[in-house]
Amino acid sequence: MSDHTLARPAAAAAPGDPAARPWWRDAVIYQVYVRSFAAGPGQPAVAGAGNLAGVRSRLRYLADLGVDAVWFNPWYPSPMADAGYDVADYRAIEPSFGTLDEAEKLIAEAHELGIRIILDVVPNHGSDAQPWFTAALAAAPGSPERDRFIFRPGRGPDGDRPPNNWESEFGGPAWTRVPGPGGEPGEWYLHLFTPEQPDFNWGNADVRAEFEDVLRFWFDRGVDGFRIDSAVLLAKDPAMADFDPDAGVHPFVDRDEVHAVYRAWRSIADGYPGDRVLIGEVWLPDVERTTRYLHPGELQTVFNFDFLRCPWDAAELRQVIEATLASHTRVDAPATWVLSNHDVIRNVTRYGRADTSFDRPGYRIGEPTDLVLGTRRARAAALLSLSLPGTAYIYQGEELGLWEVEDLADEDRQDPMWQRSGRQHLGRDGCRVPLPWSGRRPPFGFTDGEAPTWLPQPSSWAGLTVEAESADPASMLSLYRYALQVRHAQPAFTVDSFAWRPAPAEVLCFRRGADVTVMINLSDRPVELPTHEEILAASQPVIRGGSLPPDTGVWLRTRPR
Ligand code: BGC
């Protein structure tokens, strides 16, 4: 156990003082996907994958980038049936990543650099390698061991049909049958994802107590918050009714009972000093239902998937920004702005297509893509997402302008979506390829030596390494570093105030605080800049005489209102 304090702590301040504002209201949070971030120097990378030693060796990079916190995808022991979202032990570290001792050192070192740590907690399901599940399989139907999961007899005279019609998110039925005590076919268990990810029964007191204890375990080690995986799926219809799209209440998505779980979690978080945060992966079509998770005493923030899936279109972005700010203001929660993550196509690729709307990665692989245009738009999108009121997320590699790797060989693909969809859905591997750090050839400094990375890197990333981009003031990395410096230095970015300014239909223009104006030109012609005193940041050079080129964003200091 350790009692870490941040080198850049949220100052204790009088109520009403901006310094009293909790850090998570306007933090920039960087998402680290450990397998693909960096391998530690001098250590052989297990199967070309990253590890905690790699993260520790690159903490200075994150501090120099200027992020306030890091969210780690699951770092727990896992058979990796779903890249770590099949957790075998919630209180330990995946052996190929390192040890608990290293994790504690990492937390302390990050705190010394002023970087907070957010872990991913996966409460909907565990791994079939978890001791509880092994015990459940060995125990009889109706036993307390089985009650921690969702076991049911099958339908039909022989019980050989799944208990209901629910489908796995990755394709196929959400139920798998297990042998009975004498080896004969027995009960079925529920898994909303792969069969290796059995769902927990949140009606069971052991499950609730276990996760509360897991939160305390990591809070005691100085962790500053949790991203809650699949946060809306925990509560299931006890009757296990068939899913009926016309029925009012969904049998497992966003059921009212789930809120009690998060109220209990919030009181645990609030029992610790230093503004610990709970962030929900709440992916729902209904804004009102989404913001229920942000009611007082529940989660502090949720991911903004409407923004993430929005096409590169001014009217649609304006509508999403307005709806987000209105709904979040009503519950006094900060909005979040996310352009990509480990589950979706990289935004450079999406923005480079004729249809820039969001799609699950893999469905439209190989569509004609203009990466120069996509990169140009991604630069403008960075200045948009980093200038809106609330928290901004950066998925590792976004700051380098990495694109989706669409031409992985079939045998290299590892995402369970690929196999479970009968190889119809290429899956999420293309956004999970290890980062390029230095040098001219793969593995681009990701590992010592020449060993290939677990997903092969394209040799065309030679110009996108951290080393190459650090030397180029016009690179995506230089833009992110600069924009984050400006964001931290300008008080206008850490207040809630936001007001649209008049602008042509295909242009977004708004004021932040008293004296900053943001303009993003999504049209195909230059647009005149408003009167300003100084250009604070621009995603492309502004045209002499004062107009903003197409697909360009700018931050201006304007005269105080
Ligand atoms: C995570 C995915 C994961 C799934 C199952 C998601 O929301 O972000 O990567 O496959 O949950 O845990």
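Tutor: A polar side-chain atom of His125 is 2.9 Å from a ligand oxygen atom, a polar contact being a pair of N or O atoms within 3.5 Å. This is a predicted model, in which local features need pLDDT of at least 70 and side-chain atom pairs count only at pLDDT 80 or more, while totals for chains, interfaces and linings use all residues. Residues are numbered from 1 along each chain as its sequence is written, and side-chain values use heavy atoms, with hydrogens and water left out.

His342 also places a polar side-chain atom 2.9 Å from an oxygen atom of the ligand. For Glu281, the distance from a side-chain N or O atom to a ligand oxygen is 2.5 Å. The protein buries 96% of the 310 Å² that the ligand exposes when taken alone (Shrake-Rupley method, 1.4 Å probe).

The ligand is surrounded by 13 residues, each with a heavy atom within 4 Å of it. Asp82, His125, Asp229, Glu281 and Asp343 are the closest. By class, the shell holds seven charged, three polar and three nonpolar residues; Asp, Glu, Lys and Arg count as charged, Ala, Val, Leu, Ile, Met, Phe, Trp, Tyr, Cys and Pro as nonpolar, and the others, Gly among them, as polar.

As for location, the ligand sits in the largest pocket. A pocket is an open set of points on a 1 Å grid over the protein atoms alone, where a 1.4 Å probe fits, with protein on both sides within 12 Å along at least five of seven lines. To sit there, a molecule needs more than half of its atoms within 2 Å of the grid points.

Methods:
Polar contact = N/O pair within 3.5 Å; in protein donor to acceptor, adjacent residues only side chain to side chain. 1 Å grid on protein atoms, 1.4 Å probe; cavity = no way out; pocket = protein on both sides within 12 Å on 5 of 7 lines; lining within 4 Å.
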